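Biologist: I'd like to learn how to read a model like this one. Can we go through it feature by feature?

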Amino acid sequence: MSDTFVVVGGDAAGMSAASKAKREDPDLEVIVFEKGEWVSYAACGMPYYVKGEVDELEDLVAVTPERFREERDVDLRTGHEVVGIDPERETVAVEGDGERFEQGYDHLLVGVGASAIVPPFDGTDLDGVFTIHDMDEAGEIESYVTEQSPGRAAIVGGGYVGVEMAEALSARGADVALYEMLPHVLQPFGEPVAEVVEEHLREQGVDLHLDTAVSGFDGDGRVDRVVLEGGESDPADVVIVGVGVAPNVGLAEEAGIELGSTGAIATDEYGRTNYENVYAAGDCAEARHVVTGEPDHVPLALTANRAGRAIGQTVTGSPTSTGDIAGTAIVKAFDLGAARTGILDEERAREAGFDPVSVTITDESRPGYYPGSGEIQVTLVADRDSGRLLGGSVVGAEGAKRIDTVATALHAGTTATELQNTDLAYAPPFSPVWDPVLTAAKVLSGKLE
């Protein structure tokens, strides 16, 4: 009898693992339990659906449930929630179709993702107050905006979701106010990026409220005001709360699966938990940071897809590392792109045992004589003693994907001098002779010397 691979959660990590395992071993029984109805969807595309750039919500689905079942021979059961795991008996308890049953497994992947954090605000139950972390929520927001045509939108939180939703709701005709309790938006991107983005948001008409904490929302059944700490309030016809996510670890914790220092599920380099045949991947799990070598929790799409695929290969007999992470991320803010990777915060770098040195340069994205050239800002951070790169950021109207060069350098353990001497492509339509990343590396190398 063939082994059984049970996957809990039907999004990026889970479906990548299921598909890879079935390709590697067609005789393996692969069962996926997903409590909702949506699987394998592009959550990162949801703000653009609300904005109107994606026509149908279903367009965000990469592979439909029917294709998984019919073409990939995966036993995918939507509307089925795993409510318990017994690692000693190697079973999961499942509720679905009006019944509760047990399913045995030889290998188990916990890929249950993360949930939007909802602070203890007053008024979160009012109509018009939303988080946006799953497809149903995206659909509800789009319907609400279409039906109500809100004149004033309040965004709580200046991270990825907040910035992207500010653009989306502005495009839908709303006057947007963004409230961030920290001094800057996009905190993980560092102050140099944040200041550029903030200036651009204001130019686009976004009413920025930095260092401003929200205490709740008010209205008679439907939201009409956002209430600030101290008692002041501003009008709001729709509210998006985007203050971050937390890993879904309750199921694992109840089963005795260990959590790591970040609060997410602890895993080894193959995605294994403290139970050898139980794996975890995606937004609920930790991964090793390429710069520090320590566990970290950075819930991003590629991390989940890559880890799931590796685990799918491991359970079929070919142990495959899930890979290190650098926290590489990119976000669109109206006409700007902002990107980051590695460690930018100097305090965090010092805590990890480094002596950080940083530089920020502003350059042209192409030669000044070539049409379309614009300003691009690059920040690089390196360790003073070794010269090793620790992190970087890029912000500009074009060229933010240059961050991939820096991320590649981090994975290779490259020094600032080595990056400076990297042979990158040049032609006027794409870059100056000295690409801005190389220029930043050159300045940083000189500072280190």
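Biologist: Which residue is the bridge partner of R225 in strand 15?

Modeller: Keep in mind that this is a predicted model. In general, strands of a sheet pair through backbone hydrogen bonds, either parallel or antiparallel. Here, R225 has P235 as its bridge partner in strand 15. Strand 14 (residues 223-228) and strand 15 pair over 3 bridges, in the antiparallel sense.

Biologist: What is the order of the strands in that sheet?

Modeller: The order is 13-14-15, an open sheet of 3 strands with antiparallel pairing. Strand 13 (214-219) and strand 15 (233-235) each have a single partner strand, so one side of each is left without a neighbour in the sheet. On average, neighbouring strands are turned by 25° against each other, direction ignored.

Biologist: And the helix? What span should helix 8 have?

Modeller: Helix 8 (residues 301-314) has 14 residues and, at 1.5 Å a residue, should span 20 Å; the end C-alpha atoms are 20 Å apart, which agrees. Its buried residues are T303, A304, A307, G308, A310, I311, G312 and T314. Among the elements covering them are strand 1 (4-8), helix 1 (12-24), strand 7 (107-110) and strand 18 (278-280).

Definitions and conventions: Residues are numbered from 1 along each chain as its sequence is written. This is a predicted model: local features need pLDDT of at least 70, side-chain atom pairs count only at pLDDT 80 or more; totals for chains, interfaces and linings use all residues. Side-chain values use heavy atoms; hydrogens and water are left out. Two strands pair if DSSP finds at least two bridges between them. Helices (H or I, at least four residues) and strands (E, at least two) are DSSP runs, numbered from the N terminus. Axes are lines fitted to C-alpha atoms, for helices over the stretch in contact, and angles run from 0 to 180 degrees between N-to-C directions. The expected span of a helix is 1.5 Å times one less than its number of residues. Buried means under 20% relative accessible area, exposed over 50%, partly exposed in between (1.4 Å probe, protein chains only). Contact means heavy atoms within 4.5 Å.
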